[in-house]
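This briefing goes through a protein model, from the overall build to one strand and its partners. Please look at the sequence and the 3D view before reading on.

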Amino acid sequence: MISILFDVGQSAGGFPWDNFAAYFDGVTLGIRGEDTVYDFEPDRLVNVYVSSKPSGYGYVEVDSQPVITPMPYQWVPGSVHRITAAETVKGSTFDSFWVFNSWSNGGKQDQHFVVPETTTTLIAYYDEYIDN
């Protein structure tokens, strides 16, 4: 078990540190608000599948890195990851493109995803548009 205590205060410039993420061997711990303690067991991982419809490159970023969907991950329950769907993606023809519609979990286009206790799949849904 690893315990981490974050003391959330103000920066030298007077701006509150109200959103902080720490990275440990590919695990992201995020906090927001007052002093927060995170306890987790590094050997207890959950399968998370990040996908899009349609699938491929350019639709989704995970922790600010573009990925080819579908993409499997093994993350610690309770860890926080930034999942972002592109607003638009060029289609297969010169006059078509894909526009983000929604996430399967109902989250925002750019969201901080808290990993649940069980296997889950996140899907970014897109609508195809043809510019005539």
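The model is predicted.

**The whole chain**
- The protein has 132 residues, and 35% of them are buried.
- Its accessible surface comes to about 8200 Å². Carbon and sulfur atoms account for 53% of that surface.
- Take the contacts between residues at least 6 apart in sequence: 59% of these join residues at least 24 apart.

**Strand β9: buried or exposed?**
- Strand β9 covers residues 80–85.
- Of its 6 residues, 5 are buried, so β9 is largely enclosed by the rest of the structure. Buried here means under 20% relative accessible area.

**Which strands pair with β9?**
- Strand β6, residues 56–62, pairs with β9 in the antiparallel sense over 3 bridges.
- Within this part of the structure, V60 stands opposite A85 of β9.
- Strand β12, residues 110–114, also runs antiparallel to β9, and 5 bridges join the two.
- R82 has H112 in β12 as its bridge partner.

**A point to check in the 3D view**
- In a regular strand the side chains alternate between the two faces of the sheet.

Technical notes. Residues are numbered from 1 along each chain as its sequence is written. This is a predicted model: local features need pLDDT of at least 70, side-chain atom pairs count only at pLDDT 80 or more; totals for chains, interfaces and linings use all residues. Side-chain values use heavy atoms; hydrogens and water are left out. Buried means under 20% relative accessible area, exposed over 50%, partly exposed in between (1.4 Å probe, protein chains only). Contact means heavy atoms within 4.5 Å. Accessible areas come from the Shrake-Rupley method with a 1.4 Å probe; for residues, only the protein chains shown count as cover. Helices (H or I, at least four residues) and strands (E, at least two) are DSSP runs, numbered from the N terminus. Two strands pair if DSSP finds at least two bridges between them.
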